[in-house]
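The following exercises concern a single protein chain. Each task is followed by a solution worked in steps.

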Amino acid sequence: MWADAVFEGGGIKGIGLVGALQVLEERGYRFKRVAGTSAGALIAALVAAGYTAQELYEILLKKDFQELLVPRSRWQGISWLRTALRISWKKGIYTGNAYEKWIEELLLKKGIQTFADLKETELYVIASDISQNKLLVLPDDLEKYGYKADQFSVARAIRMSSSIPYFFEPVKWFNQSLQTECYIVDGGVLSNYPIWIFDREMPRWPTFGFRLISTEKKVNRIEGPFSMFMSILLTMLDAHDNRAIDSQECVRTVMVPVKGIRMIDFDLNQDQKKGLYRSGRQAAQKFFDQWSFEEYLKARRKRSEGRRN
């Protein structure tokens, strides 16, 4: 059975998306097109490259995500003055280089380097151009910047989409068409859940969306300039998680509860990772026990009629 899939961004919480994805695979679904933002873009890219949900789970379970934080130090321990100086100079606490290299290595294991290498499943990545106030859909928007999809690194596109403002350095990208440098950051700034991307009047197969819903929030303790800065950043990004969606979107959205975990908790232990994965599985099983393609089509028609009216 064919389907399209859209994965919401959510940083480290994206492990929950893998549990939900595995339920779809077990029910016989394969994907024509996938899209995502930030961590969702990473999951989408690895799915398009040919990784199964079980392979992704094993990779994420073993990975020490703190290795991706270069310079190598926990953000909780960085003085506010050092942080301010680095942000002023580099515009981000961490470089993002280790993250991009890790993605590149994973993709190369499946023979994927550029968008042209993706033969079986189409991939779309959401990023934000804060220099031109634009949402980017890659690879579609590459030509506007003077680049070709068959020569553009998928790993670089995922890094663009995942560059959490001030946490990771933005990607400086030269716009060849305008002959100017642009700053690209996390796609979640403009569209953290791009469920709209595959919409059409009469869908040939369903589009399933995967969202991360915070059922419990940690209280951010504000004790100084640095903790206040981080609280503003987390509020800006995590607020996407609990944004309500209307009933006509619920028919195609698997909502994965995540409890007490923030998007930049890169020090998750094994039990926490397994808990996110189980939460994704349970949410998807509950969703598909009640789902039917007939109801899906009915909801899509109703939505289309509402737009015309």
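**Exercise 1.** Determine how α1 and α9 are oriented to each other.

*Solution.* Step 1: in this predicted model, helix α1 (residues 15-26) packs against helix α9 (residues 270-289) at an angle of about 40°, and their axes are 6 Å apart. Helices here are DSSP runs of H or I with at least four residues, strands are runs of E with at least two, and both are numbered from the N terminus. Axes are lines fitted to C-alpha atoms, for helices over the stretch in contact, and angles run from 0 to 180 degrees between N-to-C directions.

Step 1: angles under 35 degrees count as roughly parallel, over 145 as roughly antiparallel, 65 to 115 as roughly perpendicular, and the rest as oblique. Therefore α1 and α9 are oblique to each other.

Step 2: the contact (heavy atoms within 4.5 Å) involves residues of α1 including I15, V18 and L24, and residues of α9 including L276, Y277 and F288. By class, this contact of α1 with α9 comprises nine nonpolar, five polar and three charged residues. Ala, Val, Leu, Ile, Met, Phe, Trp, Tyr, Cys and Pro count as nonpolar, Asp, Glu, Lys and Arg as charged, and the others, Gly among them, as polar.

Conventions: residues are numbered from 1 along each chain as its sequence is written, and side-chain values use heavy atoms, with hydrogens and water left out. Because the model is predicted, local features need pLDDT of at least 70 and side-chain atom pairs count only at pLDDT 80 or more, while totals for chains, interfaces and linings use all residues.

**Exercise 2.** Describe the packing of α5 and α6.

*Solution.* Step 1: helix α5 (residues 97-108) and helix α6 (residues 154-162) meet at an angle of about 140°, with axes 9 Å apart. Step 2: α5 and α6 are therefore oblique to each other. Step 3: their crossing is right-handed. Step 4: among the residues in contact are I103 and L107 of α5, and V154 and I158 of α6. Six nonpolar, two polar and four charged residues form the contact of α5 with α6.

**Exercise 3.** Is helix α2 largely enclosed or open?

*Solution.* Step 1: a residue is buried under 20% relative accessible area, exposed over 50%, and partly exposed in between (1.4 Å probe, protein chains only). Step 2: eleven of the eleven residues of α2 (residues 39-49) are buried, so this helix is largely enclosed by the rest of the structure. Step 3: just after α2, G50 takes a positive phi of about 115°.

Definitions and conventions
A crossing is left-handed if the near helix is turned anticlockwise from the far one by less than a right angle, and right-handed if clockwise.
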